[in-house]
Amino acid sequence: MKGPLEIAFTGERGQDVGGLTRDFFIELSREMFNPNYSLFNLMSNGVSYFPNPNSGVVAEHLEYFRFIGRIIGKALFDGCLLECYFAKPLYKMMIGDELAFEDLEEQDHDFYKNLKWSLEQDITVLGLTFSVDEEYFGRSKHYDLIPDGAKIDVTNENKEEYVEKLAYYKMYLCIKQQIDAFLTGFHEIIPKQLVSIFNYKEIELLISGMPNFDINDLKKNTDYNGYNIDSVQIVWFWELIEGMEQQDIGLFLQFVTGSSKIPLDGFKALQGMRGPHNFTISRIKTNDMW
């Protein structure tokens with residue numbers, strides 16, 4: 001796997017001087033997120049992916065995760081960028097960094113908010129224990145967060161430990177087999193000690209690079225509320241955006257959408273609070289406006 005690849009697509013004639021290999025990696029990176037394979041779930045931000053706890057519906061799913069890890073490692077080894085974005089916890093596990101409660105926010109924003117709320121409230125009214133019960137295709141799965149956790153009540157004195165254990169369960173333990181298989185494949189190509197020098201943002205850039213923002217695609221999938229495409233403020237806005245460097249556009253998208261990444265299907269797949277929602281520019285009326 002560490003040797004050079006020479007790619008030939010069936011029915012297509014061409015000499016691989018790098019372009020075919022890049023196309024090969026791009027096609028693989030798109031297919032790994034194909035919902036028909038049930039290997040990854042799309043996160044609430046609409047652009048990041050994380051292993052599916054129910055991937056076991058696919059025969060030999062752990063071999064698929066190991067293969068995906070090897071492909072990502074091989075692409076990184078060969079300097080080929082991929083069209084794939086993972087949730088922050090997976091990047092941190094790839095470099096051997098410790099997970100933190102805040103890492104859960106990108107993976108599951110609503111779940112993170114609920115846990116954060118529980119830290120600020122009287123948690124005893126919820127009647128919780130140090131255990132988790134989840135449904136798996138009609139069957140209940142039980143997991144103790146600590147030994148005999150089902151017999152230990154969550155109180156205001158131990159709720160920080162409960163939140164920490166539950167967050168770790170959500171980010172790793174409930175998908176331990178999938179994560180371990182993925183990391184095994186990845187580290188077969190890129191040894192852990194070599195990637196441990198990077199932080200999670202750097203490893204994301206090494207794998208996926210800086211997104212190439214298509215301003216025309218953003219324009220095409222923008223709605224206006226109180227303005228129209230010919231409004232002078234909108235003309236100024238697009239002139240400003242078109243004059244930005246790619247890095248600055250990424251920062252702009254991070255500010256207005258919560259992520260600097262672009263969905264695989266382009267800006268038409270941006271996620272709002274209730275599902276896909278176009279980027280919207282709204283005019284806010286105040287008392288000093290007429």
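**Helix packing, strand pairing and salt bridges**

Lys74 and Asp78 lie four residues apart in helix α2, which means that about one helical turn separates them. Helices here are DSSP runs of H or I with at least four residues, strands are runs of E with at least two, and both are numbered from the N terminus. The model is predicted: local features need pLDDT of at least 70, side-chain atom pairs count only at pLDDT 80 or more, and totals for chains, interfaces and linings use all residues. Residues are numbered from 1 along each chain as its sequence is written, and side-chain values use heavy atoms, leaving out hydrogens and water.

**Salt bridges**

- The structure holds ten salt bridges, each defined as a side-chain nitrogen of Lys or Arg within 4 Å of a carboxyl oxygen of Asp or Glu.
- Lys74 and Asp78 form one of them, with their closest N and O atoms 3.2 Å apart.
- Lys74 is buried at 1% relative accessibility, whereas Asp78 is partly exposed at 31% (buried means under 20% relative accessible area, exposed over 50%, and partly exposed in between, with a 1.4 Å probe and protein chains only).
- In helix α7, Lys176 and Asp180 are also four residues apart, about one helical turn, and their salt bridge has its closest N and O atoms 2.8 Å apart.
- Lys176 is partly exposed at 39%, and Asp180 is partly exposed at 25%.
- Lys170 and Asp108 meet in a salt bridge of 3.6 Å, N to O.
- This pair links distant parts of the chain, 62 residues apart: Lys170 is in helix α6 (residues 159-171), and Asp108 is in the loop between α4 (104-107) and α5 (109-120).
- Glu63, Arg66, Arg70 and Glu188 are linked in a network of salt bridges.

**Packing of α2 and α7**

- Helix α2 (residues 61-78) packs against helix α7 (residues 176-189) at an angle of about 35°, with the axes 7 Å apart.
- Axes are lines fitted to C-alpha atoms, for helices over the stretch in contact, and angles run from 0 to 180 degrees between N-to-C directions.
- Residues in the contact (heavy atoms within 4.5 Å) include Phe65, Ile72 and Lys74 of α2 and Ala181, Phe182 and Glu188 of α7.

**Strands β5 and β8**

- Strand β5 (residues 222-225) pairs with β8 in the parallel sense over four bridges; pairing requires that DSSP finds at least two bridges between two strands.
- Tyr224 has Ile281 of β8 as its bridge partner.
- Strand β8 (residues 279-282) has Phe279 and Ile281 on its covered face, and Thr280 and Ser282 on its uncovered face.
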